[in-house]
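Please look over the sequence and the model below before reading on. The report then takes up its pockets, one of its helices and some backbone angles.

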Amino acid sequence: MTHITENSGSLPLCFEDYMKSALALAGEAAAAGEVPVGCVICDENGAIIGEGRNRREEIPDACAHAEIEAIRNACAYRGSWDLSGCTMFVTLEPCCMCAGAIINSRISRLVYGAKESYSGACGSVINLFEENFGHKPKIYGGVLAKESAKLLSEFFNKLRDKKR
């Protein structure tokens, strides 16, 4: 069974350091007019081997989510689709597409910030990691959730203001 833990302050401090890197990428996405989601993947030694940010509008590509870009970078770095032992840090709870990519790439741990009540696939709408797939990463939610949610709120408030 998948282990899901809300951040209780007992997680390693480095989790927050990696999430801060993901937040910086989310900020880049917002500056480019994209929904502010950022993602980094580190290997077993703690080295960042993949990073990504949303680029759906920029490319345009419905699959250009931060997690997909980071997985592609990490796979290219490793020269393999298998990211066993790696940890993904993403500012927003992954959607079904990204959760599927996490499963298929064998990422060992997922750490995310804010919950996504509209399309979250780690428990908000559905938890794909509790389904009968052959791989089940450990999941840690709520790491720097307030900072992640603030970036998203500010972005969508600016969009609403522009439409008025």
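A residue is called buried when its relative accessible area is under 20%, exposed when that area is over 50%, and partly exposed in between. Leu144 has a relative accessibility of 10%, so it counts as buried. The model shown here is a predicted one, and every value below was computed from it.

Leu144 lies in the loop between strand S6 (138-141) and H4, and its phi is positive, about 55°, although it is not a glycine. Another residue other than glycine with a positive phi is Arg106, where the angle is near 65°; Arg106 belongs to the loop between H3 and strand S5 (109-114). Since its relative accessible area is 30%, Arg106 is partly exposed, whereas Leu144 is buried. A positive phi, near 70°, is also found at Gly79, the residue that follows H2. A further feature of the backbone concerns the peptide bond from Ile59 to Pro60, which is cis, with omega near -25°, and Pro60 is placed in the loop between S3 and H2.

| Pocket | Volume | Most lining residues from |
|---|---|---|
| Largest pocket | About 410 Å³ | Helix H4 (residues 145-163), three residues |
| Second largest pocket | About 160 Å³ | H4, six residues |

The largest pocket has a lining of 20 residues, and those that lie nearest its centre are Val35, Asn54, Arg56, His65 and Glu116. Sorted by class, this lining holds ten nonpolar, four polar and six charged residues. The second largest pocket is lined by Ala30, Gly33, Leu151, Glu154, Phe155, Lys158, Leu159 and Lys162, a group made up of four nonpolar, one polar and three charged residues.

**Asn54, by the centre of the largest pocket**

Which residues does Asn54 touch, not counting residues up to four places away in sequence? They are Ala29, Glu34, Val35, Val37, Ala64, His65 and Ala66, and two of these, Val35 and His65, are also among the residues nearest the centre of the largest pocket. With Val35 there is a polar approach, in which a polar atom of the Asn54 side chain lies 3.2 Å from the backbone oxygen of Val35. Asn54 itself sits in the loop between strand S3 (48-53) and helix H2 (66-78), and because its relative accessibility is 9%, it counts as buried.

**Helix H2 and what it packs against**

Helix H2 has 13 residues and spans 18 Å from its first C-alpha to its last, which is close to the 18 Å expected at 1.5 Å a residue. Its buried residues are Ala66, Glu67, Ile68, Glu69, Ala70, Ile71, Ala74 and Cys75. In an α-helix there are 3.6 residues a turn, so residues three or four places apart point the same way. The partners against which the buried residues of H2 pack are strand S2 (38-42), S3, strand S4 (87-92) and helix H3 (96-105).

**Gly27 in helix H1**

Gly27 is placed in helix H1 (residues 13-31), and because its relative accessibility is 28%, it counts as partly exposed. How far apart in space are Gly27 and Glu57, C-alpha to C-alpha? The two are 15 Å apart in space, while in sequence they are 30 residues apart.

Definitions and conventions:
Residues numbered from 1 in each chain as written. Predicted model: local features only at pLDDT ≥ 70, side-chain atom pairs only at ≥ 80, totals over all residues. Heavy atoms only, no water. 1 Å grid on protein atoms, 1.4 Å probe; cavity = no way out; pocket = protein on both sides within 12 Å on 5 of 7 lines; lining within 4 Å. Points joined across faces, edges and corners; volume = space filled by probe spheres on them. Helix = DSSP H or I, 4+ residues; strand = E, 2+ residues; numbered from the N terminus. Nonpolar A, V, L, I, M, F, W, Y, C, P; charged D, E, K, R; others polar. Buried < 20%, exposed > 50% of the residue type's maximum accessible area, 1.4 Å probe, protein only. Polar contact = N/O pair within 3.5 Å; in protein donor to acceptor, adjacent residues only side chain to side chain. Contact = heavy atoms within 4.5 Å. Expected span 1.5 Å × (residues − 1).
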